[in-house]
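Here is a short briefing on a protein model.

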Amino acid sequence: MSVMTTTTDKPVLLVTGGSRGIGAAICVSAARQGWAVAVNYASNRAAAEAVVAAIEAEGGTAIAIEGDVGRQDGIDAIFAAVDETFGRLDGLVNNAGIVAPPQRVEEMTADRLDRLFRINVSGSILCASAAVRRMSIRRGGRGGAIVNLSSIAAVLGAAGQYVDYAATKGAIDTFTTGLSLEVVDDGIRVNAVRPGIIDTEIHASGGLPDRARALASTIPMKRPGTAQEVADAVLYLLSPSSSYVTGAILNVSGGR
Ligand code: NAP
């Protein structure tokens with residue numbers, strides 16, 4: 001965790017899992033659009049520091065914050081660091097997420113499901129909870145925007161690969177709908193993006209390093225998406241350009 005104190009007039013964005021893949025693209029794009037960015041990571045400090053360095057090299061403002069969103073003490077540490085460093089919060093991207101190696105449902109263990117649901121679902125809900133407490137205009141905050149990373153797997157089901165992961169993203173869709181309605185009067189917009197197959201390291205982490213290329217022919221646009229293409233959608237949903245958009249779930253999936 002960085003201990004630097006950086007009070008800022010810029011709006012402050014927290015991106016969970018901002019150190020690699022889609023999260024890293026969101027962080028860099030957000031800094032270019034004037035956000036001060038809190039780049040959260042779980043374990044790969046070097047990757048987070050590289051994102052911070054890239055932002056600072058362009059004149060932007062960012063810090064790296066270690067913290068596991070699958071643990072309450074990790075979430076507490078992340079938000080304490082945001083409070084201490086910036087003293088405000090205007091946006092949250094619930095991006096941190098994991099997959100497990102391909103398995104049929106009949107092979108799945110409680111430990112596997114517990115880890116997936118803790119990080120992908122509970123982590124997103126608890127981070128949103130902490131963000132709403134800070135952003136709500138009913139609580140003296142300035143309002144804000146939350147964007148959740150779902151997946152087109154929530155719609156397709158990921159049969160034979162990871163139905164459990166797809167179910168975590170189905171939960172994210174429902175959570176997006178419910179929270180968006182719950183915090184309308186708090187001045188907070190809540191939306192989600194459903195990426196399709198995006199070329200990041202998540203596939204290797206699930207034991208399928210060639211998944212993006214192997215499935216390219218099954219995608220209507222015949223190619224995987226890029227992290228930047230997802231980041232562009234997330235930045236739209238964070239920005240004033242989407243001021244009348246809440247509860248939306250935007251597919252960024254090449255037609256899949
Ligand atoms: P990725 O390349 O595997 O990067 C994952 C990021 O999340 C890393 O920064 C990682 O940090 C962080 N992270 C993992 N577990 C964490 C935890 N417990 N607490 C805090 N941070 C954690 O993933 P990605 O492909 O960019 O995916 C980002 C999001 O998009 C995920 O929610 C994913 O489900 C969703 N998505 C991805 C795809 C795709 O095809 N790539 C498709 C649909 C949806 P460390 O390096 O420190 O572990």
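Leaving out residues up to four places away in sequence, Ile26 touches Val15, Val93, Asn95, Leu149, Ala231, Val234 and Leu235; contact means heavy atoms within 4.5 Å. This is a predicted model: local features need pLDDT of at least 70, side-chain atom pairs count only at pLDDT 80 or more, and totals for chains, interfaces and linings use all residues. Residues are numbered from 1 along each chain as its sequence is written, and side-chain values use heavy atoms, with hydrogens and water left out.

- The largest nonpolar core has 35 residues, of which Ile26, Val37, Val234 and Leu238 touch the most other members.
- A nonpolar core is a set of buried Ala, Val, Leu, Ile, Met, Phe, Trp, Tyr and Cys residues joined through side-chain atoms within 4.5 Å.
- Buried means under 20% relative accessible area, exposed over 50%, and partly exposed in between (1.4 Å probe, protein chains only).
- Helices (H or I, at least four residues) and strands (E, at least two) are DSSP runs, numbered from the N terminus.
- Another core lies apart from the largest one; it has 31 residues, among them Leu89, Ile98, Leu179 and Val183.

**Helix α2**

- α2 has 13 residues and spans 18 Å from its first C-alpha to its last, close to the 18 Å expected at 1.5 Å a residue (the expected span is 1.5 Å times one less than the number of residues).
- Its buried residues are Ala47, Ala48, Val51, Val52 and Ile55.
- These residues cover an arc of only 140 degrees around the axis, so they sit on the same side of α2; the arc is that of the directions from the helix axis to the C-beta atoms.
- An α-helix has 3.6 residues a turn, so residues three or four places apart point the same way.
- The buried residues of α2 pack against α1, β2 and β3.
- Exposed Ala46 and Ala57 are on the face of α2 turned away from its buried side.

**Salt bridges**

- The whole structure holds 15 salt bridges (a side-chain nitrogen of Lys or Arg within 4 Å of a carboxyl oxygen of Asp or Glu).
- Glu201 and Arg20 form one, with the closest N and O atoms 2.6 Å apart.
- Glu201 lies in the loop between β6 (188-195) and α7 (202-205), and Arg20 in the loop between β1 and α1, so this pair ties together parts 181 residues apart in sequence.
- Arg20 is partly exposed, at 41% relative accessibility.
- Arg213 pairs with Asp199 in a salt bridge at 3.6 Å, N to O.
- Arg213 lies in helix α8 (residues 211-214) and Asp199 in the loop between β6 and α7, so the pair ties together parts 14 residues apart in sequence.
- Asp199 is partly exposed, at 43%.
- Arg213 also forms a salt bridge with Asp210, the closest N and O atoms being 3.6 Å apart.
- Asp210 is partly exposed, at 48%.
- A network of salt bridges links Arg45, Glu49 and Glu66.

**Aromatic pair**

- The structure holds one aromatic pair.
- The ring centres of Tyr162 and Tyr165 are 5.5 Å apart and their planes are at 70 degrees, so the pair is edge-to-face.
- Rings of Phe, Tyr and Trp (its six-membered ring) pair if their centres lie within 6.5 Å; planes under 30 degrees apart count as stacked, over 60 as edge-to-face and the rest as tilted.
- Tyr162 is buried at 4% relative accessible area, and Tyr165 is buried at 11%.
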